[in-house]
Amino acid sequence: MVAFSDGVVAIAVTLLVLEIRPPRDTGHLLHGLVTLWPSYLAYIVTFMLIGQVWANHHVMFDHIRSADRMVLFLNTVLLMDIAFLPFAASVLADAFRDGGGQRVAVVLHGAAFEFAAVLFNMIWWYARGDRRLLAATIDSAGVRAISRRFRLALAWLGAGTLIGALFPVLGVAVIAAFVLYYWLPIEGEIQRVKRRVGRGRQA
């Protein structure tokens, strides 16, 4: 399941760059490349966000030892959302390039990632609620740390989406700031790993 998920993520990030159309007027190539800045922005922000989805997906499933039908279903819906993200990024780039529909584009882009955050929380809530699905590689502190990080994603992306409905540029900035913060490691996870490594050395 994780390998299949990785494949969907890999296809999604590959499709992102295909949405950047090269300038047709090669006589003014530099100007044409510069005017593609909305495409570059949408590409960078969306690529890094999908990268976070991939990283957190591994963090989550590293500690889920078995997946029942509910986990498989929720993960399938998550992958469906991930496959939609290149389209949302393309709409965002077109809106900023053309100067119209920016509010709708930012809301669409933010809502797509907000939906992914909802699904992450649902999968993790379901798995931790039934400890038989969790592996012995994580303790209660680690479970709580991951839960807090996933819940914060709901609030952060939701805030960025709502702000984008009023102030599109500011909404994109809030979501971009989310990229920077969420690449930081989960504190509870690091402490758990250190404790396990320390016990192994003492043994």
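This section describes the helices, nonpolar core and cavities of a predicted model.

Residues are numbered from 1 along each chain as its sequence is written. In this predicted model, local features need pLDDT of at least 70 and side-chain atom pairs count only at pLDDT 80 or more, while totals for chains, interfaces and linings use all residues; side-chain values use heavy atoms, with hydrogens and water left out.

The protein chain holds 8 helices and 0 strands. Helices (H or I, at least four residues) and strands (E, at least two) are DSSP runs, numbered from the N terminus. The order of elements from the N terminus is α-α-α-α-α-α-α-α. Of the 203 residues in the protein chain, 42% are buried. Buried means under 20% relative accessible area, exposed over 50%, and partly exposed in between (1.4 Å probe, protein chains only). Contact means heavy atoms within 4.5 Å. Among contacts between residues at least 6 apart in sequence, 77% join residues at least 24 apart.

The largest nonpolar core has 49 residues. Such a core is a set of buried Ala, Val, Leu, Ile, Met, Phe, Trp, Tyr and Cys residues joined through side-chain atoms within 4.5 Å. Ile-50, Met-60, Ile-64, Ile-82, Ile-123 and Trp-124 have the most contacts inside this core. Two or more residues each come from helix H1 (2-18), helix H3 (37-61), helix H4 (69-98), helix H5 (102-129), helix H6 (140-166) and helix H7 (168-182). H4 gives the largest share, 12 residues. Beyond its neighbours within four places in sequence, Ile-64 is in contact with Ile-123, Trp-124, Ala-127, Leu-133 and Leu-134.

Val-106 lies in H5. Val-106 counts as buried because its relative accessibility is 1%. Its contacts, leaving aside neighbours within four places in sequence, are Leu-92, Phe-96, Gly-164, Pro-168, Gly-171 and Val-172. The C-alpha atoms of Val-106 and Gly-160 are 8.8 Å apart, although 54 residues separate the two along the chain. Ala-117 also has its place in H5. Ala-117 is buried, with a relative accessible area of 6%. Not counting residues up to four places away in sequence, Ala-117 touches Ala-153, Leu-154 and Leu-157. Between Ala-117 and Leu-157, 40 residues apart along the chain, the C-alpha separation is 8.1 Å.

Helix H7 has 15 residues, which at 1.5 Å a residue should span 21 Å; its end C-alpha atoms are 21 Å apart, in agreement. The expected span is 1.5 Å times one less than the number of residues. The buried residues of H7 are Pro-168, Gly-171, Val-172, Val-174, Ile-175, Phe-178, Val-179 and Tyr-182. They lie on the same side of H7 because they cover an arc of only 160° around the axis. The arc is that of the directions from the helix axis to the C-beta atoms. Cover for these residues includes H3, H4, H5 and H6. The face turned away from the buried side carries the exposed residues Val-169 and Leu-180.

The structure holds 3 cavities of 30 Å³ or more. On a 1 Å grid over the protein atoms alone, a cavity is a set of points where a 1.4 Å probe fits but cannot get out; lining residues have an atom within 4 Å of a point. Points are joined across faces, edges and corners, and a volume is the space filled by probe spheres set on them. The largest cavity has a volume of about 170 Å³. Its lining has 13 residues, of which Val-53, Phe-120, Ala-153, Leu-157 and Phe-178 are the closest to its centre. H3, H5, H6 and H7 each give two or more residues to this lining.

Definitions and conventions
1 Å grid on protein atoms, 1.4 Å probe; cavity = no way out; pocket = protein on both sides within 12 Å on 5 of 7 lines; lining within 4 Å.
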